[in-house]
Each structure stands twice: as C-alpha cells, then as structure tokens.
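Hi there,

Here is the structure I promised to pass on. Have a look at it first, and then read my notes below.

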Amino acid sequence: MLIKSLNTFSAAAVFTLLTSFSQNVHADTQVTLNDFYRPFELSEITPQNMQTWPYYRYTSMNWDDYGLFGTVTILAAREPAKLVSAQKGFDIEQDLGDGRKLVESLTATQTKGFLILKNNEVLAEFYDNGFTQKQTQLLQSSSKTYAGIVVSTLIDEGKIDPAATIDSYLPDFKDSKLGKATVQQVLDMQSGLLPATDYHVPGGEAFMFEAEQGLKLGETVGHRNAIITTKAQNAPGEVYTYNDKNTDLLAILAEAVSGQHFNKLLSSMFNDFGATSNGSIALTVDGTASPSYGISSSLRDYGLFHQWIAQGKAPKSFYDSVHDTKKDLLAKSEKGKGMAAGLGTLVTYGSQGWYLPEHKIIVSIGSYGQVGFSDMKSGVSVVFMQDWEDNGVAEKLAQNLTNALFVIEKLSQN
C-alpha cells in the first residue's frame, strides 16, 4: 500500500524529487518556525527576500504586486462552476494513523489552502495564514502543467505537430540548441538542456534566467534571447533534465502558432474548467509570459483544474503523453530509480505533468508546496497551497503525498 511506503519515504529519495523541479533553493539559510510567524512591515519586503520567511507568506498570495515585470490577468470562466458543500464532507480531524490528525499535519506544513473536490462538491476546505477564498496564490512550477495542457490543446486542434522541431515553427531558433528538439521533447523535459542547478551562483545560467523572468534583480539580455542562446549538455531525446526554459519556450511557441498572448490561451482553459475568479500570469522582461513558475490562482480554481483533469476533460494528447510511460526518461534514469525506491511506486513525467502509473494519479508540483493531485479512478482532486521555508522541503512533500493518498483511499472506501 502506497500510504505505508510514503511513511518510510527516505529523505534522499525525496530530495531527488525536489531537485528536479527546483526554482529557488536557499541552500545556506537556517530558519525556524519563529521566522515564519514573525510580524513584519510590508516596507521590509525586497526582491532579495520576497521568497523567504516570513515575507513569502504574504508575497506568494500577492504576486501581482511583486513580480518584477508585472503580471497580466487570466479571466474567470464566462459560466463559473457552481461549487456546493457536500452534505457528507471529509473530516480533516481524522487520525492519519501516526498519532496526528490531518488538520495538524496541514498546519505543520504551513498550509494556507487545502481542498478536496469531486463533481463540484467541496468535500473539505481549509484556509490559514491570512489566506482567503477570494485570494490567489503563486503556483510556482505547478504552472508548468497548465502550459503543457495549453500546448496539448493546440496539438489536438492540429496547430502543432508534437513530432515537429521547434525551428520549424520558430525560425529564429534555427541555430539554437533547442531548435532541433521536437515539441514533444520540450514538453517532456528531454530537449538536452543543462539541469537547473545554479540558481544561486552569480553568473550561472539559471541565476541569470531568473532575472529575465522577473524573479530577481540582475542584468538581462532578453527572455527570448536567453532561451535561444541557452546551453545544452545532451542531444535531444537522450536524457530527462528539468529546466524552466523548456516551459517558457512552450509559451512562446503557443503564442506564435495561435496568434494570441498566453494569458488569452489560459483564459480559454479557465473557461473550460469553470474558473470562479480571475487569475494572473507573470510577465518577463520581454513582456511575454513565464508559465514555468508564474501562474497565480485561487484555491478553488486550482482544485477545479485538477478535477477537470481527473474527469478526463483535458486534451486527449495530454493524457496520451502522460500515460505513455514507454517514452518517459525520468523513470529510466538513476534519479528516477531512486525516486521510485523511496516512494514505493513508479513516477514518470510527460507533457509537463507528473504521473503515478500504478495508482493512476496525475500530479502537479510547485516550489514551496503547491501540489495538486488528480485521481483518474474516482475523479477526485486534492490540492495544497503552502509556504515552505524553502522551495523543496523533503519531509513536507512526502507528507503531502501521504495526506493526498490517505484522502483518496478513505473516499474510495465510502
């Protein structure tokens, strides 16, 4: 049973998982819960500290004010989903089996929003740390799954051929390391780019790219130009290496073939899953979108997004890709094997989404604890919005997995 194996999830294995979606690891920072709860004035917040405790608990739900190049609106659905409270909800006071209640676990992982949703019925909903139903939270790398679905929609519409190379759509990428990668290889993080590991090394490629995205101050060369001139360590299709430039390239591609700004494409998706309120997406130095980290959404709309996936309503090519474990290179790698050993289950990656094939669950994962689960067997979605002290905290991610699977298993017994 996966819940049992997650309780013995090794720290090394979790770290393997975390380093594959890193955005802003604060490697040498020592923090305590006192830092999280410390009062502060908004005037204390700077670009250098806005993603650290205690400030991130505020900036994460006000990213429209803190993205250095601004944001643009993603419109709510024309006919928003009508969510109702279930007559028999899910009791978050239940014991997890380790002597703690689910709600205690939520508090211990700095959860500001938690939602269980099925067929537009709210089975449980939890808010804390100043977060409310009307506010949005920065999804960090969970945004990538939205980008994968936008491109999958264009594939279904016949506007993008996943087997075609990037330079066949974007001529200025002809001499780029990314130019000869196929769209599918970019979707699957198989384009051959360097792994994103030098976010805190001044002058490092990932460090400098965050300046292009509006995550930190620094010299810029242009968002598109930074992607065109990116470095690579492998030929396309050889290895899985997680890099934000893949996802931001997908937004550039989608805009080119559709003739629409990426926020308009996202608005169309928000309309499809019945978003109840506006969201936003962060802009880059070029004024283009950065879906590798930058979507902000309300808790309910994050839950609706994952419910929509769980109900089989996302694009067909997205499911075909996520479920095609034969093309996956993550599970075949040493990193993937270590992750599977620690989790007690296979984890694969396709079209910007994580997949647990033995349990038929599609997952989105974002820094600081933005994690969503789509149970393809039941149509249930379970989503977390959190404010960890670091982008990747091994035991807290493991606890999210345990909690989600606890919920899904309990619901299946009813």
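This is a predicted model: local features need pLDDT of at least 70, side-chain atom pairs count only at pLDDT 80 or more; totals for chains, interfaces and linings use all residues.

Residues are numbered from 1 along each chain as its sequence is written, and side-chain values use heavy atoms, with hydrogens and water left out.

Let's start with the sheet. It is open, has eight strands in the order 2-4-3-12-11-10-9-8, and its pairing is mixed. (Strands are DSSP E runs of at least two residues and helices are H or I runs of at least four, numbered from the N terminus; two strands pair if DSSP finds at least two bridges between them.) At the edges are strand 2 (84-85) and strand 8 (348-350), each pairing on one side only. Strand 2 runs parallel to strand 4, joined by two bridges, and Ser 85 has Val 122 of strand 4 as its bridge partner. Strand 3 and strand 4 are antiparallel, with six bridges, and here Lys 118 stands opposite Glu 121. Their hairpin has two residues between the strands, and Asn 119 takes a positive phi near 50 degrees there.

Helix 12 (residues 299-310) packs on this sheet, touching strand 3, strand 4, strand 10, strand 11 and strand 12, and its direction makes about 145 degrees with that of strand 12. (Contact means heavy atoms within 4.5 Å; axes are lines fitted to C-alpha atoms, for helices over the stretch in contact, and angles run from 0 to 180 degrees between N-to-C directions.)

Next, helix 6 (residues 143-156) packs against helix 13 (residues 316-323) at about 120 degrees, with the axes 7 Å apart. Helix 6 is therefore oblique to helix 13, because angles under 35 degrees count as roughly parallel, over 145 as roughly antiparallel, 65 to 115 as roughly perpendicular and the rest as oblique. Among the residues making the contact are Ile 149 of helix 6 and Phe 318 of helix 13.

Finally, the model has three cavities of 30 Å³ or more. (A cavity is a set of points on a 1 Å grid over the protein atoms alone where a 1.4 Å probe fits but cannot get out; lining residues have an atom within 4 Å of a point.

Enjoy exploring!

Note on methods:
On a 1 Å grid over the protein atoms alone, a cavity is a set of points where a 1.4 Å probe fits but cannot get out, and a pocket is an open set with protein on both sides within 12 Å along at least five of seven lines; lining residues have an atom within 4 Å of a point. Grid points are joined across faces, edges and corners, and a volume is the space filled by probe spheres set on the points.
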